Amino acid sequence: MSAGLVVVPAAAEFLTVAEAAAVARCHTVTMRRRVESGEVHATQRVKGGRWTIARVCLEEQLLSGACSHQRPRRSGNVVDLAARRRAGGGR
Ligand SMILES: [Zn+2]
């Protein structure tokens, strides 16, 4: 294992934060911050869990500052409680 070097498979459609950082040539911590702030479009299955970043989203973000289907959100990508309520919480 070579320390600090992240090899991103050319065919990878979805990237981890570390892989996205390698593609964007920034630090993993920087990428995580950009993801958590919503600057980079990413999804997270569980709050506090692993982020998944679509390669197309990252590439568009790097080129134009935002991917085409990204909507500004108040709390970045962090769990959309309103959507969860709409989906049938409300008990
Ligand atoms: Zn996107």
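Predicted model: local features only at pLDDT ≥ 70, side-chain atom pairs only at ≥ 80, totals over all residues.

Modeller: Let us begin with a definition: helices, labelled H, and strands, labelled S, are DSSP runs of at least four and at least two residues respectively, and they are numbered from the N terminus.

Biologist: Okay, what is the secondary structure of the protein overall?

Modeller: The protein has four helices and three strands, and along the sequence they follow the pattern β-α-α-β-β-α-α.

Biologist: And how many of the 91 residues count as buried?

Modeller: Of the 91 residues, 18% count as buried. As for contacts between residues at least 6 apart in sequence, 44% of them join residues at least 24 apart.

Biologist: Back to arginine 25, is that residue buried or exposed?

Modeller: Arginine 25 counts as exposed because it has 8 C-beta neighbours inside 10 Å, and a residue with 12 or fewer is placed in that class. Arginine 25 also has a positive phi of about 55 degrees, although it is not a glycine, and it is the residue that follows H1.

Biologist: How do H1 and H2 sit relative to each other, parallel or perpendicular?

Modeller: Their axes come within 8 Å and cross at roughly 105 degrees, which makes H1 roughly perpendicular to H2. The contact is made by Val17, Ala18, Ala20, Ala21 and Ala24 on the H1 side, and by Thr28, Thr30, Met31, Arg32 and Val35 on the H2 side.

Biologist: Which residues of H1 are buried, and what covers them?

Modeller: In H1, the buried residues are Val17, Glu19, Ala20 and Ala21, and what covers the buried residues of H1 includes S1, H2, S3 and H3.

Biologist: Which residues make up the largest nonpolar core?

Modeller: The largest nonpolar core has twelve residues, namely Leu15, Val17, Ala20, Ala21, Met31, Val35, Val40, Ala42, Trp51, Ile53, Cys57 and Leu58. The elements that give two or more residues to this core are helix H1 (17-24), helix H2 (28-36), S3 and H3, and H1 gives the most, with three residues. As a general point, nonpolar side chains tend to be buried together in soluble globular proteins.

Biologist: What does alanine 20 touch?

Modeller: Alanine 20 touches Leu15, Met31, Val40, Ile53 and Leu58, if residues up to four places away in sequence are not counted.

Biologist: Switching topic, what is the order of the strands in the sheet?

Modeller: The open sheet of three strands has the order S1-S3-S2, with antiparallel pairing. Strand S1 (14-15) and strand S2 (43-44) stand at the edges, each with a single partner strand, so one side of each has no neighbour in the sheet. S1 and strand S3 (residues 51-54) pair in the antiparallel sense over two bridges, and leucine 15 stands opposite isoleucine 53 in S3.

Biologist: Now H3, which residues of that helix are buried?

Modeller: In H3, Cys57, Leu58 and Gln61 are buried. Seen down the axis of H3, its buried residues fall within an arc of 100 degrees, so they line one face of the helix. These buried residues pack against S1, H1 and S3, whereas Leu63 and Ser64, on the other side of H3, are exposed. After H3 comes glycine 65, whose phi is positive, near 90 degrees.

Biologist: Last one, where does glutamate 59 lie, and why does it count as partly exposed?

Modeller: Glutamate 59 lies in helix H3 (residues 55-64), and it counts as partly exposed because it has 13 C-beta neighbours inside 10 Å. Glutamate 59 and valine 40 are 19 residues apart in sequence and 9.8 Å apart in space, C-alpha to C-alpha.

Methods:
Residues numbered from 1 in each chain as written. Buried ≥ 20, exposed ≤ 12 C-beta atoms within 10 Å, placed from the backbone. Contact = placed C-beta atoms within 7 Å. Pairing = 2+ DSSP bridges. Core = buried A, V, L, I, M, F, W, Y, C linked by C-beta atoms within 7 Å. Arc of directions from axis to C-beta. Axes fitted to C-alpha atoms, helices over the stretch in contact; angles between N-to-C directions. Parallel < 35°, antiparallel > 145°, perpendicular 65-115°, else oblique.
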